[in-house]
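User: I would like to learn how to read pockets, cores and salt bridges in a model. Can you take me through them one at a time?

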Amino acid sequence: MPISETELRQQLVDVMSKMAARGLNKGTSGNCSVRHGEGMLITPTGVVPEALTPESMVYVDAGGGVDPKGLAPSSEWRMHKGLLDQRPDVNGVVHCHSHYATVLACAGRPIPSVHYMVGVSGGPTIEIAPYDMFGTRALADGVVATLHGRFACLMANHGQIALGPTLARALAIAEQVEEPAAVYWGTLAIGGPQLLSPQQMTDIQAAFRTYGQPRRAS
């Protein structure tokens with residue numbers, strides 16, 4: 001059944017709260033969005049998670065328009081809109097500044113095939129989108145291009161971003177990206193990682209496609 005706008009707004013509040021509680025974000029950093037109708041609902045700019053309410057969420061229409069009487073959307077709304085426009089398989093987007101992913105993004109280090117959970121990104125590695133000023137069209141375009149066919153990437157000198165068929169799945173991927181980021185960071189301190197082979201990563205990605213409980217017909 002379709003999820004109501006009220007439920008989607010509450011989901012955004014809950015995800016921002018969970019990211020703060022789980023250490024993926026601090027203060028007003030990070031943002032998330034969910035597809036709704038022909039546009040999207042997105043978190044507002046500059047509001048700490050504990051102050052967010054369902055009514056705080058901002059609807060951005062297909063043309064990028066918002067209600068001028070409401071709160072302003074996240075400065076990264078172009079990035080979210082670009083991803084949702086280009087990826088019909090995606091309904092939720094989560095952007096955060098999780099510690100280890102951000103360390104690697106600031107060091108210019110993509111995450112190689114150091115651990116099988118790298119495969120949740122949809123590829124054998126987790127790549128880095130090129131740096132540009134937050135909120136710019138150039139940053140949005142770079143992230144959209146880097147995420148072509150994938151579900152997560154790092155953002156140079158910035159953080160990470162994850163996508164999913166649902167907002168909950170996007171959050172799960174963001175959390176799962178942080179784990180191999182921490183593992184890779186740790187291996188660099190003790191001589192470097194022993195990487196999985198391309199074939200091993202191909203097998204892992206095939207296994208992920210059927211992982212979990214099977215869907216049952218209603």
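**Reading salt bridges, pockets and cores**

Analyst: Start with one residue. E175 counts as partly exposed, because its relative accessibility is 29%. Keep in mind that this is a predicted model.

User: Which residue does the side chain of E175 meet in a salt bridge?

Analyst: The general idea comes first. Side chains of opposite charge can pair when their charged atoms come close. Here E175 meets R22, at 2.9 Å from N to O. R22 counts as partly exposed, because its relative accessibility is 44%. The pair links distant parts of the chain. R22 sits in the loop between α1 and β1, E175 in helix α5, and 153 residues separate them.

User: How many salt bridges does a search of the whole structure find?

Analyst: Five. Two of them show another pattern: R9 with E5, closest N and O atoms 3.0 Å apart, and K81 with D85, at 2.8 Å.

User: Where do R9 and E5 lie?

Analyst: An α-helix has 3.6 residues a turn, so residues three or four places apart point the same way. R9 and E5 are both in helix α1, four residues apart. K81 and D85 have that spacing too, in helix α2. Now check burial, where the cut-off is under 20%. R9 is buried because its relative accessibility is 16%. K81 is buried because its value is 15%. E5 is partly exposed because its value is 32%.

User: How much space lies in the largest pocket?

Analyst: Rolling a probe the size of a water molecule over the atoms shows where empty space is left. The largest pocket holds about 660 Å³. It has 19 lining residues, and R169, I173, F208, R209 and Y211 are the closest to its centre. Helix α5 gives the most to the lining, with three residues. By class, the lining has eight nonpolar, seven polar and four charged residues.

User: What is the volume of the second largest pocket?

Analyst: About 200 Å³. Its 17 lining residues include T28, G30, N31, S74 and S75, the closest to its centre. This lining has twelve polar, four nonpolar and one charged residues.

User: Which residues touch the most other members of the largest nonpolar core?

Analyst: L12, V15, M19, C32, V94, I111 and L154, out of 38 residues. Helix α5 gives the most to this core, with eight residues. A second, separate core of 20 residues includes I42, V60, A129 and V144. V144 is also among the buried residues of helix α4. Those buried residues pack against α2, β5, β6 and β7.

Key:
Residues numbered from 1 in each chain as written. Predicted model: local features only at pLDDT ≥ 70, side-chain atom pairs only at ≥ 80, totals over all residues. Heavy atoms only, no water. 1 Å grid on protein atoms, 1.4 Å probe; cavity = no way out; pocket = protein on both sides within 12 Å on 5 of 7 lines; lining within 4 Å. Points joined across faces, edges and corners; volume = space filled by probe spheres on them. Helix = DSSP H or I, 4+ residues; strand = E, 2+ residues; numbered from the N terminus. Nonpolar A, V, L, I, M, F, W, Y, C, P; charged D, E, K, R; others polar. Buried < 20%, exposed > 50% of the residue type's maximum accessible area, 1.4 Å probe, protein only. Contact = heavy atoms within 4.5 Å. Core = buried A, V, L, I, M, F, W, Y, C linked by side-chain atoms within 4.5 Å. Salt bridge = Lys/Arg side-chain N within 4 Å of Asp/Glu carboxyl O.
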